[in-house]
Amino acid sequence: IARSEPPPAEIGAAVAALEALDPALAEALRAAIGDELPLNRRDGGFVRADFDPALDEARALAQDSRRVIAALQARYAEETGCRTLRIKHNGMIGYFVEVPSAAGEDLLRGEARGRFVHRQTMSGAMRFTTVELGELEARIASAGDRALRLELAHFERLVEQAAMAAGPISAAAEALACLDVTAGFAELAAGAGWSRPAIDRGVGFAIEGGRHPVVEAALREAGTAFIANDCHLGDAAGPGRILLVTGPNMGGKSTFLRQAAVIAILAQTGSYVPARAARIGIVDRLFSRVGAADDLARGRSTFMVEMVETAAILNQATDRSLVILDEIGRGTATFDGLSIAWAAIEHLHEENRCRALFATHYHELTALADRLPRLANATLRVTEWEGDVVFLHEVVPGAADRSYGLQVARLAGLPPSVVARAKIILTELERSDRERPKALLLDDLPLFAAARPPAAPDRAPAADVRPEADPLREALAAIDPDDLSPREALEALYRLKREL
């Protein structure tokens with residue numbers, strides 16, 4: 001903002017609120033409160049030194065009583081001319097002045113008579129006390145408590161002053177928060193290459209060159225560049241889209257989801273955003289289901305928490321919401337999880353009709369893009385170089401056919417024998433999967449159709465006429481569902497289809 005131009009209204013209001021704050025309270029607090037403060041006021045030590053002479057004296061007595069006693073001893077020795085005078089302490093009589101017997105006789109007869117009160121005569125020494133020493137002993141004994149009482153009294157006085165200015169203080173705090181947030185956004189926009197987003201009342205969502213600000217900052221410190229990606233979830237004129245994101249482990253799917261949500265939040269708070277350009281239709285609510293966590297204290301497993309959160313999303317999201325879902329259905333058996341993820345996508349598409357990012361390792365779901373018009377596939381690019389996997393972190397249209405989990409397991413340090421065995425098992429499983437392509441899985445849905453009731457016969461069959469053999473019914477009657485494994489049930493289903 002040029003100096004000749006007035007500041008924005010919000011900034012002007014913040015400056016006015018700060019100027020209205022009474023400087024006397026600030027000066028009082030600055031003069032009384034120290035720089036290093038304790039956690040609790042009952043610990044004391046929060047009032048600045050030299051603010052209250054009585055408090056300084058009490059602190060000196062409580063913290064350095066030996067120095068005070070030594071100073072008094074030196075003064076008594078000079079006044080009496082007895083260089084061997086000592087001030088000592090014991091549990092019976094407290095503090096006392098001790099001198100040799102000859103010097104003690106002089107104290108009893110000389111000018112000091114009456115000032116030094118005789119307490120005890122010892123073998124070769126005499127003990128005395130003084131009114132000043134008795135008062136000093138009492139002050140030392142209560143110095144700590146007295147210092148804390150003085151500090152708390154100052155604290156209560158300052159609290160009363162602050163309470164009287166509660167309104168201006170609250171306005172000043174809000175003003176400082178406004179200036180702090182605004183300055184922080186401005187610094188990020190200028191220093192990190194952020195751009196001004198366009199916000200409208202449609203449901204479009206288009207981000208060009210989007211970046212995750214936290215991940216980008218961490219990579220910058222490590223000397224690595226962040227790979228920016230576009231994200232399109234619909235145009236202003238049409239309904240929102242669902243982007244199904246597949247790709248390798250460690251490829252950047254979760255970062256891609258999170259950065260879209262962060263950019264949407266920043267845009268609607270009035271900030272510039274970490275992107276080359278962004279146009280976002282207003283988001284009424286942001287729903288996020290990422291990560292894995294349990295709530296065992298309430299009897300909820302990891303999968304149960306996942307389902308509770310997913311249920312909240314499917315029941316509440318509107319066509320103006322933004323939803324990010326990461327790995328729905330991974331906490332249970334494969335077929336269970338796949339079916340839940342499948343049905344959730346269909347519900348988001350048909351019922352919620354919201355803008356959504358759905359990351360998954362269920363590659364079977366990518367075939368839904370052929371059936372659901374607002375669903376599109378995206379994947380994270382990856383390449384292999386001399387047997388090692390290289391993550392490019394670039395989002396491109398299309399679907400992944402591998403997750404590269406074995407490569408990630410090897411990078412994580414799994415024993416080579418485990419990785420080698422897993423590779424053998426994976427090869428066998430992939431061979432079996434190729435025998436039944438995803439297209440067949442789609443064609444088989446729904447798995448069970450509602451059977452029509454058989455038509456009533458015109459007349460009852462003669463008693464001596466036996467019905468024709470029905471191979472399909474006989475095959476179905478021979479199946480005991482309770483004794484079948486999931487794979488055996490699937491094979492039985494194929495046999496029944498072949499009988500049709």
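**Exercise 1.** How many helices and strands are there in the protein?

*Solution.* The structure is a predicted model, in which local features need pLDDT of at least 70 and side-chain atom pairs count only at pLDDT 80 or more, while totals for chains, interfaces and linings use all residues. Residues are numbered from 1 along each chain as its sequence is written, and side-chain values use heavy atoms, with hydrogens and water left out.

Step 1. Helices (H or I, at least four residues) and strands (E, at least two) are DSSP runs, numbered from the N terminus.
Step 2. The protein has 16 helices and 14 strands.

**Exercise 2.** Which residues of helix H2 are buried, and what covers them?

*Solution.*
Step 1. Buried means under 20% relative accessible area, exposed over 50%, and partly exposed in between (1.4 Å probe, protein chains only).
Step 2. In H2, residues 23–32, the residues Leu25, Ala28 and Ala32 are buried.
Step 3. They cover an arc of only 60° around the axis, so they are on the same side of H2. The arc is that of the directions from the helix axis to the C-beta atoms.
Step 4. The cover of the buried residues of H2 includes helix H6 (131–164) and helix H7 (166–191).

**Exercise 3.** Is Arg59 buried or exposed, and which side chain does its own side chain join in a polar contact?

*Solution.*
Step 1. Arg59 is found in helix H3, residues 53–63.
Step 2. The relative accessible area of Arg59 is 13%, so Arg59 is buried.
Step 3. Contact means heavy atoms within 4.5 Å. Leaving aside neighbours within four places in sequence, the residues in contact with Arg59 include Phe46, Asp64, Ala147 and Glu151.
Step 4. The side chains of Arg59 and Glu151 are joined by a polar contact of 3.1 Å. A polar contact is a pair of N or O atoms within 3.5 Å; within protein, one must be able to donate a hydrogen and the other to accept it, and residues adjacent in sequence count only if both atoms are side-chain atoms.

**Exercise 4.** Is Thr302 buried or partly exposed, and what separates its C-alpha atom from that of Gly331?

*Solution.*
Step 1. Thr302 lies in helix H10, residues 302–316.
Step 2. Its relative accessible area is 32%, so Thr302 is partly exposed.
Step 3. Thr302 and Gly331 are 29 residues apart along the chain, and their C-alpha atoms are separated by 7.1 Å.
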